Amino acid sequence: MPSLLSLSEPGRTVSVLAFDGMSPFELGCVVEVFGLPRPELDVPWYDLVVCSEREGPLRAVGGFTVQAAHGLDAFAAASTVIVPGVPDVHADVSPALAGALRQARDHGARIVSICSGAFALAGAGLLDGRTATTHWRYAALLQSRFPRVTVDPGVLYVDEGDVLTSAGSAAGLDLLIHLVRRDHGPSVANAVARRLVVPPHREGGQAQFVEAPVAPVAEDDAVARAMEWALADLARPITVDVLARVAAMSRRSFVRHFHRRTGTSPVRWVIAQRIAASLPLLETTAVPVEEVAAAVGFESPVTFRHHFTRAMRTSPSAYRRAFAPRPARLGDS
């Protein structure tokens, strides 16, 4: 199996592991986000390599086979390394794969898992002392097999900086778009999300699933009406009581139906929308952070910075420095 001979640009190579018995959805999400050329975005895009532990065809769920072009050497050499699952959550990770994951960590790669892929990261020791997530069906098993890992079974994904884990299936797509947002900013991430016809940003702490049955259409319409009202002007005061009045519900009923629809609370949802609205202002303007906070509805810059740092794991000023366009310098062509 050929190895990865060269990287077109440092930081751009993404590797994903294919394995016998895999579900094609998670692998397909990685290919869709990182493997398709996107010249319309006018940014250096990723170079994706699909890798496997062994040569030959790999069986996928659904009755077809996949053959990867690269082996574990290329897998470990990439800047972002993704494990989209494991064939058996009860089995130990192979020494070869564990070694490749540790090698990737040692050279500074960003390590990512989707769904049961967290078992591979944990088996390689990469999650010791960290918080991680996986599909809610596997969370208890992950915790019992790897007690040094703090497993959060209720969230969509966990971003620990150099190690990121997500829940199953569609939550993996949320994490992949989150990576694009980290690398290229909200405008590019939003454009990719539009191409995929998915929400541009779901907060990682959002619930994996909703316990209650889907609410009737009339209730959904009332909650949606309140959400649309809030999004029309995030700068105005928006409380749960106000949203409930717009939905023509009691406060208690509104909170219950809102959580059934979204998997989160009205307050957390409003904060997440305000954070999302602040990103383009930080990315594309020089408006002071204090004015950005007011423009998206935070009561004070201190409150804005607090919630922004919790959601984005960086401060508004640091985010602006990372993503705002740099002024042209003398001699730039």
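The chain exposes about 16000 Å², and carbon and sulfur atoms supply 55% of that area; accessible areas here come from the Shrake-Rupley method with a 1.4 Å probe, and for residues only the protein chains shown count as cover. This is a predicted model, in which local features need pLDDT of at least 70 and side-chain atom pairs count only at pLDDT 80 or more, while totals for chains, interfaces and linings use all residues. Residues are numbered from 1 along each chain as its sequence is written, and side-chain values use heavy atoms, with hydrogens and water left out.

Of the 333 residues in the chain, 47% are buried. Buried means under 20% relative accessible area, exposed means over 50%, and partly exposed lies in between (1.4 Å probe, protein chains only). The secondary structure comes to 14 helices and ten strands; these are DSSP runs numbered from the N terminus, with helices (H or I) of at least four residues and strands (E) of at least two. Counting contacts between residues at least 6 apart in sequence, 63% join residues at least 24 apart, where contact means heavy atoms within 4.5 Å.

**The sheet**

Let's turn to the strands. Six of them form an open sheet with mixed pairing, in the order S2-S1-S5-S6-S10-S9; two strands pair if DSSP finds at least two bridges between them. Strands S2 (47-51) and S9 (157-159) stand at the edges with a single partner strand each, so one side of each has no neighbour in the sheet. From one strand to the next, the twist averages 15°.

Val-14 has Leu-48 in S2 as its bridge partner.

S10 runs parallel to S6, joined by four bridges, and antiparallel to S9, joined by three. Ile-114 is bridged to Ser-166 in S10, while Asp-159 is bridged to Leu-164 in S10. S9 and S10 form a hairpin with three residues between them, and Gly-161 in the turn has a positive phi of about 90°.

In a regular strand the side chains alternate between the two faces of the sheet. In S10, Val-163 and Thr-165 point one way, Leu-164 and Ser-166 point the other way, and all are buried.

**Helix H1 against the sheet**

Helix H1 (residues 24-35) packs on the sheet, where it touches S1, S2, strand S5 (80-83) and strand S6 (110-114), and its direction makes about 155° with that of S2. Axes are lines fitted to C-alpha atoms, for helices over the stretch in contact, and angles run from 0 to 180 degrees between N-to-C directions.

Which residues of H1 are buried? They are Glu-26, Leu-27, Cys-29, Val-30, Val-33 and Phe-34. These residues cover an arc of only 155° around the axis, which puts them on the same side of H1; the arc is that of the directions from the helix axis to the C-beta atoms. Their packing partners are S1, S2, S5, S6, helix H6 (170-184) and helix H7 (186-196).

**A buried serine**

Ser-278 sits in helix H11 (residues 266-284). Its relative accessible area is 0%, so Ser-278 counts as buried. Leaving aside neighbours within four places in sequence, Ser-278 is in contact with Val-292, Val-296, Phe-304 and Phe-308.

**Salt bridges**

A search of the whole structure finds 13 salt bridges, each a side-chain nitrogen of Lys or Arg within 4 Å of a carboxyl oxygen of Asp or Glu. Here are some of them.

| Pair | N to O distance |
|---|---|
| Asp-128 and Arg-148 | 3.5 Å |
| Arg-130 and Asp-162 | 3.1 Å |
| Asp-241 and Arg-251 | 3.0 Å |

The side chains of Asp-128 and Arg-148 meet in a salt bridge. That pair links distant parts of the chain, 20 residues apart: Asp-128 is in the loop between helix H4 (117-123) and strand S7 (131-132), and Arg-148 is in the loop between helix H5 (139-145) and strand S8 (150-151). Asp-128 is partly exposed at 31% relative accessibility, whereas Arg-148 is exposed at 62%.

Arg-130 forms a salt bridge with Asp-162. This pair spans 32 residues, from the loop between H4 and S7, which holds Arg-130, to the loop between S9 and strand S10 (163-166), which holds Asp-162. Asp-162 is partly exposed at 33% relative accessibility.

Asp-241 forms a salt bridge with Arg-251. Asp-241 lies in helix H9 (residues 240-246) and Arg-251 in helix H10 (residues 251-262), so the pair ties together parts ten residues apart in sequence. Asp-241 is partly exposed at 37% relative accessibility, and Arg-251 is partly exposed at 45%.
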